[in-house]
Amino acid sequence: MSKISGVIITFNEEQYIEKCLSSLVDVVDEIVVVDSFSTDKTKQICEKYKVVFIEQEFLGYLEQKNFALQRASHEYVLSLDGDEALSSELQEHILSIKNNLKFDGYELNRLNNYCGKWVRHTNWYPDSRIRLIKKDSGKWIGKNPHDFLELNQGSTKGKLKGDLLHWAYDTRSEHLQKVDYFTTIAAQSHIAKNKKKVGYFKILVNPWWKFIKSYIINKGFLDGYTGFTISIFAAFGTFVKYIKVKELQDKQK
C-alpha cells in the first residue's frame, strides 16, 4: 500500500481547519501543515491532530505550496488549503485505490460553497484540479494568486471520484475584499512577467465576456441569485485587474 502525506498551507484558518484535518486523518499517513504564523487558534487545533507543524513566513502562494510539497515524507502527496475538506465519496475512493496508485497524478472536482450555498454551475464547477501526485512528479505553477499543480511532461494522470469541498466566501463583503486583494496580486504578477500592454479594448470587452461565459455558457443562471452574484463578481474582478495593470504600466512610462 502506498503511503500518502496530506499537506496544507495555513494562515488564520481556525474556522475551517478542523473540517480539513478531520477529513484527512483516516485517509493519509501523515499531515504536514506549513503555517504563516497564524494569530488565531489554528496552531492549537492542528496540535490536536498530531500534525507536523512548520512555521514559515509567507513566500507567495506558489512558493509556499512548493515549500510545503517538499516537506512531505511519503511517496504521494495530497495537497489541500485550510478551507478545504474531502467529501465522504472522495475519502472512500482514495482509500479504495490506495494500495494500487498507478498514476503519477490524480485530478478531482472541487465544489465551492458561497455564502452557505454549494455552487454547481458558473465557472466554479467542476473546477477540476490535480491535488494528489507523486512527490517528484510535479510542482505548483501559475500566476499568483491563480496557482495550480502541474505534472511533469510525460507523467500519467487519473481521475478521483467525489468532490473536494471548498468554503470560498462566507459573505459578499468578504468576496469584495478578496477581489481587491487578489486583483492587486494578479496585476503585479502581470507586470513582473512583462506581458502585453493592456488597452481599452480589454478593459471594456473582457469583463463582459467573463460574465457571459460564467452566467450563460456555464449555466450560472441555474444557481439563481448566487450564480448571478458570482458571475457579476467575476466580471468586476476582470475589470479591476486590467485597470490596475494599466495603472502600473502607466507609471512605468
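## Model and terms

Helices (H or I, at least four residues) and strands (E, at least two) are DSSP runs, numbered from the N terminus. By that scheme, Lys48 lies in the loop between helix H2 (42-47) and strand S3 (52-55). This is a predicted model: local features need pLDDT of at least 70, side-chain atom pairs count only at pLDDT 80 or more, and totals for chains, interfaces and linings use all residues. Residues are numbered from 1 along each chain as its sequence is written, and side-chain values use heavy atoms, with hydrogens and water left out.

Lys48 counts as exposed, at 56% relative accessibility. Buried means under 20% relative accessible area, exposed over 50%, and partly exposed in between (1.4 Å probe, protein chains only). Lys48 and Lys98 are 50 residues apart in sequence; C-alpha to C-alpha, they are 25 Å apart in space.

Ser23 lies in helix H1 (residues 17-24). Ser23 is buried, with a relative accessible area of 5%. Neighbours within four places in sequence aside, Ser23 is in contact (heavy atoms within 4.5 Å) with Ala85, Leu86 and Gln91.

Helix H4 covers residues 88-97, and its Leu90, His93, Ile94 and Ile97 are buried. These four cover an arc of only 100° around the axis, which puts them on the same side of H4. The arc is that of the directions from the helix axis to the C-beta atoms. An α-helix has 3.6 residues a turn, so residues three or four places apart point the same way. The cover over the buried residues of H4 includes strands S1 (4-10), S4 (76-81), S5 (84-86), S6 (105-114) and S11 (157-169).

## Helix H5

Helix H5 runs over residues 172-192; at 1.5 Å a residue, its 21 residues should span 30 Å, and its end C-alpha atoms are 30 Å apart, which agrees. The expected span is 1.5 Å times one less than the number of residues. Buried residues of H5 include His175, Val179, Thr183 and Ile191. Their cover includes helix H3 (61-69), S6, strand S9 (138-143), S11 and H7. Just after H5, Asn194 takes a positive phi of about 50°.

## Salt bridges

The whole structure holds 14 salt bridges. Each is a side-chain nitrogen of Lys or Arg within 4 Å of a carboxyl oxygen of Asp or Glu. Lys65 and Asp147 meet through their side chains in one (3.0 Å, N to O). Lys65 lies in helix H3 and Asp147 in strand S10 (residues 146-151), so the pair ties together parts that are 82 residues apart in sequence. Lys65 and Asp147 are both buried.

Lys159 pairs with Glu107, the closest N and O atoms being 3.9 Å apart. Asp180 and Lys244 form another salt bridge (2.8 Å, N to O). Asp180 is in helix H5 and Lys244 in helix H7, 64 residues apart. Asp180 is partly exposed, at 46% relative accessible area, whereas Lys244 is buried, at 14%. Glu84, Arg110, Asp127, Arg129 and Arg131 are linked in a network of salt bridges.

## Nonpolar surface patch

Leu176, Phe236, Phe239 and Ile243 form a nonpolar patch on the surface, with about 330 Å² of accessible area together. Helix H7 (residues 224-252) gives the largest share, three residues. Phe239 lies in H7 and is partly exposed, with a relative accessible area of 35%.

Patches are made of residues with over 30% relative accessible area and no salt bridge; like charges are joined within 9 Å, nonpolar side chains (Val, Leu, Ile, Met, Phe, Trp, Tyr) within 5 Å. Accessible areas come from the Shrake-Rupley method with a 1.4 Å probe; for residues, only the protein chains shown count as cover.
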